[in-house]
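User: I am new to this structure and would like to learn how to read it, one feature at a time. Please give the general idea first, then the case at hand.

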Amino acid sequence: MTHRPVHARKVLTTTIPVRWGDMDAFGHVNNTIYFRYFEQARVEWLEALGYRVVAGVSPSPVLVHADCNFLKPVTYPAVCEVTVYAGEPGRSSVTSWYELRLVGDETLYATGSGKMVWVDAATGRSTPLPDDLRRALTSIPG
């Protein structure tokens, strides 16, 4: 089970409505959809930092690890609130953690994490984090 480390810093909170199509035959949000919710929050965070998350931009972040702990089922209708926390930057990577709650409910429904590595599209190899991203990550108040 992945737990957010104490040194991780809150970088974004966003809301995502649960769609009817997010449900599965068991009457709750399908497990794969939680990863989509985390992805959407991660993309919003990167775009808020000024990074376009589109194909062909190099260097760009590539997700190399993702996990989710399903704590309580989410059902339609609902609006999810996903909070993103960022860890200390590595040479070419950064890990983020996620907490999923429902708007108006402090209950923790899911937690997760994802590790992104910046990759040069031409070579397919990792590349150092952009300097402005490193500065942004190290200047987040704790």
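User: How many residues does helix 1 have, and what span does it reach?

Analyst: Helices (H or I, at least four residues) and strands (E, at least two) are DSSP runs, numbered from the N terminus. The expected span of a helix is 1.5 Å times one less than its number of residues. Helix 1 covers residues 31–48, which is 18 residues, and reaches 27 Å from its first C-alpha to its last, close to the 26 Å expected. Just after helix 1, G50 has a positive phi of about 100 degrees. This is a predicted model, where local features need pLDDT of at least 70 and side-chain atom pairs count only at pLDDT 80 or more, while totals for chains, interfaces and linings use all residues. Residues are numbered from 1 along each chain as its sequence is written, and side-chain values use heavy atoms, with hydrogens and water left out.

User: Which residues of helix 1 are buried, and what covers them?

Analyst: Buried means under 20% relative accessible area, exposed over 50%, and partly exposed in between (1.4 Å probe, protein chains only). In helix 1 the buried residues are I33, Y34, Y37, F38, A41, R42, W45 and L46. Their cover includes strand 1 (9–17), strand 2 (60–70), strand 3 (79–86), strand 4 (93–102), strand 5 (105–119) and helix 2 (131–138).

User: In what order do the strands lie in the sheet?

Analyst: Two strands pair if DSSP finds at least two bridges between them. Here five strands form an open sheet in the order 1-3-4-5-2, with antiparallel pairing. Strand 1 and strand 2 are the edge strands, each pairing on one side only. On average, neighbouring strands of this sheet are turned by 25 degrees against each other, direction ignored. Strand 4 and strand 5 run antiparallel and are joined by nine bridges; V94 has M116 in strand 5 as its bridge partner.

User: Which strands does helix 1 touch?

Analyst: Contact means heavy atoms within 4.5 Å. For angles, axes are lines fitted to C-alpha atoms, for helices over the stretch in contact, and the values run from 0 to 180 degrees between N-to-C directions. Helix 1 packs on the sheet and touches strand 1, strand 2, strand 3, strand 4 and strand 5. The direction of helix 1 makes about 135 degrees with that of strand 2.

User: How many residues are in the largest nonpolar core?

Analyst: In soluble globular proteins, nonpolar side chains tend to be buried together. A nonpolar core is a set of buried Ala, Val, Leu, Ile, Met, Phe, Trp, Tyr and Cys residues joined through side-chain atoms within 4.5 Å. The largest one has 32 residues, and those with the most contacts inside it include Y37, W45 and V74. Helix 1 gives the largest share of this core, seven residues. Leaving aside neighbours within four places in sequence, V74 contacts V18, H28, V29, Y34, C80, L100, L102 and Y109.

User: Where is P77, and what kind of peptide bond joins Y76 and P77?

Analyst: P77 lies in the loop between strand 2 and strand 3. The bond between Y76 and P77 is a cis peptide bond, with omega about -5 degrees.
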